[in-house]
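User: I have a chain open here and would like to go through it with you. Can we start with the surface?
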Amino acid sequence: MSQSKISSFFRPSRPESEVPCLRSDPISPSSSPVSPPVPPSLDSTDLRSKNVNGSDSTSAKVVNKKRSYAQYHLELGQSDFILHHCAVCGMMYSRGDDDDEKAHKLYHKEYCEGITFKRWKNEKVVARFCDNNDRVVLVEDSDLSAHKQKVSQVIITVEKELGFGKGLLLHPHCKVYMYISSHKIAGCLVAEPIKDAHRVISEKSIISTFSEDKVISTRSNKTMTFGNFSFAREVFRKCNSDKKTKEGNLNLGAITCEEEAVPAALGFRAIWVVPSRRRKGIASHLMDAARKSYYPGVMVETCKCAFTPPTSDGNALACKYFKTGSFLVYRMDR
């Protein structure tokens with residue numbers, strides 16, 4: 001192949017003078033002219049490229065954009081993918097959300113340490129404790145709306161803690177006793193008038209009727225209803241007379257009551273103490289204050305007081321307060 005054909009094959013499609021110079025290395029004087037160096041006064045972010053003839057091409061700006069980052073999550077079947085459940089206070093909140101995090105922090109603190117309480121001008125103080133300036137304040141349905149609003153704030157926590165349905169704990173005949181300590185509500189008792197109750201059969205007496213390692217059954221008062229059928233929960237446990245709780249009684253979980261009702265006057269519908277102040281006598285102070293002040297001028301005897309079906313902690317509290325495992329239990333009608 002001739003040299004002319006080879007040269008024409010590699011010849012550029014347009015004149016060399018129209019091709020912009022892209023070389024950054026020094027070139028000889030015989031080469032095509034290049035754009036002059038940029039003066040130092042010009043900003044490097046606003047440059048105009050020059051072609052070999054010195055004419056301006058389209059203006060090109062380099063814009064420095066900040067990268068935006070977003071947090072992504074992978075849903076892999078997590079139970080708390082959307083909301084996180086606090087194992088201490090029980091609140092559901094969204095992690096990473098500033099408002100939810102702040103609300104949870106406030107609720108968690110109030111749950112553990114007590115709800116903030118400012119002294120009322122006309123509060124009903126039914127008990128005082130001079131050693132630490134604590135007091136018990138009574139709130140009734142006929143009191144000021146501001147007082148009842150504070151009670152409602154406390155009742156929300158009590159309902160969550162004790163498993164009551166929302167708005168099912170209070171009714172117009174209830175009286176609420178709040179234990180105030182260091183400008184915080186450290187405990188709450190909801191009391192109501194009752195007419196009769198049933199005596200709990202002591203677990204110790206139940207076991208004494210059976211031989212050691214005998215299997216017995218205890219029936220709970222909770223039932224499940226499906227259509228026209230109701231099912232009661234019945235627990236079978238293997239009893240051992242040597243296995244005792246700290247109170248000296250056996251812990252079978254469920255309680256059994258006598259069928260015959262006995263007269264009663266005062267019912268402790270719900271009682272709650274903040275976790276940081278438990279086992280310091282606050283619950284006993286609340287029950288003493290209720291017995292002295294619920295009926296004006298009358299001191300209700302302990303044998304006329306009754307609990308609603310208690311939790312395991314409530315069972316231990318009742319045994320300690322009444323000094324017996326055969327305390328009274330009543331069923332809530334409302």
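User: Which residues gather in a patch of negative charge on the surface?
Analyst: This is a predicted model. In it, the patch consists of Asp 97, Asp 98, Asp 99 and Glu 101.

User: Where is the place of Glu 101?
Analyst: Glu 101 sits in helix H2, which covers residues 98-113.

User: Now His 147. Which helix is that in?
Analyst: His 147 belongs to helix H3, residues 145-162.

User: Is His 147 buried or exposed?
Analyst: His 147 is buried, because its relative accessibility is 7% and the cut-off for buried is under 20%.

User: What does His 147 touch?
Analyst: Leaving aside residues up to four places away in sequence, His 147 touches Trp 120, Asn 122 and Val 139.

User: Why would residues three or four places apart point the same way?
Analyst: Because an α-helix has 3.6 residues a turn.

User: What follows H6?
Analyst: Lys 323 comes after H6, and its phi is positive, near 60°.

User: Last, the chain overall. How many helices and strands?
Analyst: The chain has six helices and 16 strands. Of its 334 residues, 31% are buried.

Note on methods:
Residues are numbered from 1 along each chain as its sequence is written. This is a predicted model: local features need pLDDT of at least 70, side-chain atom pairs count only at pLDDT 80 or more; totals for chains, interfaces and linings use all residues. Side-chain values use heavy atoms; hydrogens and water are left out. Patches are made of residues with over 30% relative accessible area and no salt bridge: like charges are joined within 9 Å, nonpolar side chains (Val, Leu, Ile, Met, Phe, Trp, Tyr) within 5 Å. Accessible areas come from the Shrake-Rupley method with a 1.4 Å probe; for residues, only the protein chains shown count as cover. A salt bridge is a side-chain nitrogen of Lys or Arg within 4 Å of a carboxyl oxygen of Asp or Glu. Lys and Arg count as positive and Asp and Glu as negative; His and the chain ends are not counted. The place of a charge is taken as NZ of Lys, CZ of Arg, CG of Asp or CD of Glu. Helices (H or I, at least four residues) and strands (E, at least two) are DSSP runs, numbered from the N terminus. Buried means under 20% relative accessible area, exposed over 50%, partly exposed in between (1.4 Å probe, protein chains only). Contact means heavy atoms within 4.5 Å.
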